[in-house]
Amino acid sequence: MTRRTLAELHLVERGAGVPVLALHGWTPDHRLMLGCLEPIFADRPGYRRLYPDLPGMGRSPAPASITSSDDILDAVQDLVDEVIGDAPFLLIGESYGGYLARALVRARPTQVRGLALICPIGTVVERAERTRPTHQVLRPDPALLDALPDRVAEEFAGTAVVQTPQTLRRFQDEIMAGLDLADTAALARIERRWRLSVDPESGPPYDRPTLIVTGRQDSSVGYLDQFALLPHYPRATFAVLDVAGHNLQIEQPELFTALVCEWLDRVEAES
């Protein structure tokens, strides 16, 4: 099959069975998804988890030919062709990865057997136009921040709603580690054509089990623009978690796990 792009995506794979493709958000890398999903799949055998780094992020280079979100979507399509083929698979996307995941569902509606979106970009793509709350810290720990290097403190404080040693550790291991590897020049190039040329919801409604989970205090993408997605996903559970920002998977891990497990139960019941 002819490839769409020259991009070669770094891929981390775990387990065997039904493929699960997990797409991280803008700037971090695959560790964001691996960190929150592997504890869930440790108790659910029979799934082959696929964690790629998107172009310009993690260990995936972004060739000069990658100039837009359309090109990143094409690179993900190439990966699906090469490692999944025509087999049915599950799809999980976080933030920008959720935007791409919805577009992938539009392209492969019968192949994707279930869709889960974690703090996804909603119906409004451009940051300045989103409906989102002002950043709020509900569980502050000033002493914790004072002990951090300036850049780590700035990144953590900029998004964290819950400031604890546990959320800090996961932020550093699963998010900050990826931020440090991002190709900022490539990402700036791609951001000039950040909006996909085809609206992910422009096709027929997606009528398979779906989960959309958002944070009530998410100052990055909010939660109201995601509510507007519901007509297109008639099988969606929609959850807004309090005491949770854009990294809700590390701030409300028990609720996050429960919701993902329930989504997997629904998908398995219809397999």
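Colleague: Why is Glu-268 called partly exposed, rather than buried or exposed?

Modeller: In this predicted model, Glu-268 has a relative accessibility of 36%, and since buried means under 20% and exposed over 50%, with partly exposed in between, Glu-268 counts as partly exposed.

Colleague: What makes the pairing of Glu-268 with Arg-44 a salt bridge?

Modeller: The closest N and O atoms of the two residues are 3.0 Å apart, and because the cut-off is within 4 Å, Glu-268 and Arg-44 form a salt bridge. Glu-268 lies in helix H10 (residues 253–269) and Arg-44 in the loop between H1 and S3, so the pair ties together parts that are 224 residues apart in sequence.

Colleague: Why is Arg-44 called buried?

Modeller: Arg-44 has a relative accessible area of 14%, and the limit for buried is under 20%, so Arg-44 is buried.

Colleague: How do you know that Arg-49 and Glu-38 meet in a salt bridge, and which parts of the chain does that pair tie together?

Modeller: Their side chains come to 2.8 Å, N to O, which is set against a cut-off of within 4 Å, and the pair therefore qualifies as a salt bridge. Arg-49 belongs to strand S3 (residues 47–52) and Glu-38 to helix H1 (residues 31–41), so the bridge ties together parts that are 11 residues apart in sequence. Both Arg-49 and Glu-38 are buried.

Colleague: What is the exposure of Arg-235 and of Glu-270, whose side chains meet in a salt bridge?

Modeller: The N to O distance for that pair is 2.7 Å.

Colleague: Why is helix H3 described as largely enclosed by the rest of the structure?

Modeller: Of the 12 residues of H3, 10 are buried, so the helix is largely enclosed. The buried residues include Tyr-96, Leu-100 and Leu-104, and what covers the buried residues of H3 includes strand S2 (18–23), helix H2 (69–83), strand S4 (89–94) and strand S5 (112–118). Leu-91 touches, among others, Ala-101, Leu-104 and Val-105, and both Leu-91 and Tyr-96 are among the residues with the most contacts inside the largest nonpolar core, which has 84 residues.

Colleague: How do you know that the radius of gyration of the protein agrees with that of a compact globule?

Modeller: With 271 residues, a compact globule would have a radius of gyration near 18 Å, and the protein has 17 Å, which agrees.

Key: Residues numbered from 1 in each chain as written. Predicted model: local features only at pLDDT ≥ 70, side-chain atom pairs only at ≥ 80, totals over all residues. Heavy atoms only, no water. Buried < 20%, exposed > 50% of the residue type's maximum accessible area, 1.4 Å probe, protein only. Helix = DSSP H or I, 4+ residues; strand = E, 2+ residues; numbered from the N terminus. Contact = heavy atoms within 4.5 Å. Core = buried A, V, L, I, M, F, W, Y, C linked by side-chain atoms within 4.5 Å. Rg over C-alpha atoms; globule rule 2.2 N^0.38 Å. Lists of a residue's contacts leave out its neighbours within four places in sequence.
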